[in-house]
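Here are my notes on this one, jotted down while going through the model. Have it open alongside as you read.

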Amino acid sequence: MAGLTLGAVVSAAGPVQADDALARTYRERTFIIAADSRCGLFNPAVQTALGAAALQTRGVLLRSGLEMAQVNATAAQARLLANRTPCDDDGLKTVASRVEHAFDRWGRAARLEFRGHDLSWRVDRFGGTAANWRLMQESRTGAAPVRFGLVGRSPGQVEPVAVVSFKGRSRPYAARLVMRDEALLARPHNLQNGHAQMPPQSVRRTIFATRQTAADRALLPEGSRQGEAWSFPADTLQRLSRLDPREPFWIEYLFLDDSIARVPFEAGDLAAAQAFLSLGTI
């Protein structure tokens, strides 16, 4: 991105000092989103793609160790400048044209990976006749690989599912997702160096799986021949997307001998991944 108006955003002294190139990218994207909301610069597809990219950049900044207040202040500065920029500004028009071209091509991508600290969300927008992963993160508990995300025939017809392949042991009788309860604890627990920890039991939310079936072969982790698919309530991913990008969540499998197999996952840039998926089928 370049141009007179956006150059002013980039050169302005902002509160974010670490990783200046990344901070500049976040200022640019926040600026042009704010300008679009005032001036109607882009079509809905470009707006969605640009919003997803801004969310992704925000997540990377937070995981780099910056405080939420710093990132929010940078966004507020960019929005202030956008509100002061006339909609007929020549520099803004030039920037908008370049952004529209770049994000129109980005929005036509079929697959993207939204990387977190250790784990990633992978998005697949291809349509098909059989259910497959549309949004997925991969982890494991012991020797058992686990996949979690959205499964469906297309990006618009999906359900939250966790697929696990246990080997040489009894099968669980229940599965549950554990996360911070934002109604009881407003902020991530014990943030240090861009990472948070699972909060105490008293401020966790637990969501139980509602159904268990044999997993289709297309959903199994690589190298697995069998597995179980546990379906969760439809709003599970929406709840997770409201977590801080630095937070963990767990899926736990419960066994009749009272043992629990715990699987660690990352909230990461789930909101950005969901926004990209919402662009629809390629």
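1. A quick term before the first point: a polar contact is a pair of N or O atoms within 3.5 Å; within protein, one must be able to donate a hydrogen and the other to accept it, and residues adjacent in sequence count only if both atoms are side-chain atoms. With that in hand, look at Ser-165, whose side chain reaches the backbone oxygen of Gln-226 at 2.7 Å.

2. Some ground rules: this is a predicted model, with local features needing pLDDT of at least 70 and side-chain atom pairs pLDDT 80 or more, while totals for chains, interfaces and linings use all residues. Numbering runs from 1 along each chain as its sequence is written, and side-chain values use heavy atoms, leaving out hydrogens and water.

3. Ser-165 sits in the loop between strand S5 (157–164) and strand S6 (174–180); helices (H or I, at least four residues) and strands (E, at least two) are DSSP runs, numbered from the N terminus. Ser-165 counts as buried because its relative accessibility is 1% (buried is under 20% relative accessible area, exposed over 50%, partly exposed in between; 1.4 Å probe, protein chains only).

4. Beyond four places in sequence, the contacts of Ser-165 (heavy atoms within 4.5 Å) include Ala-144, Pro-145, Leu-220 and Gly-227. Arg-147 is 18 residues away in sequence and 9.3 Å away, C-alpha to C-alpha.

5. On to the nonpolar core (buried Ala, Val, Leu, Ile, Met, Phe, Trp, Tyr and Cys residues joined through side-chain atoms within 4.5 Å). The largest has 34 residues, with Phe-148, Leu-177, Phe-232 and Tyr-253 making the most contacts inside it. Helix H7 (270–277) is among the elements supplying at least two residues, and H7 gives the most, with five.
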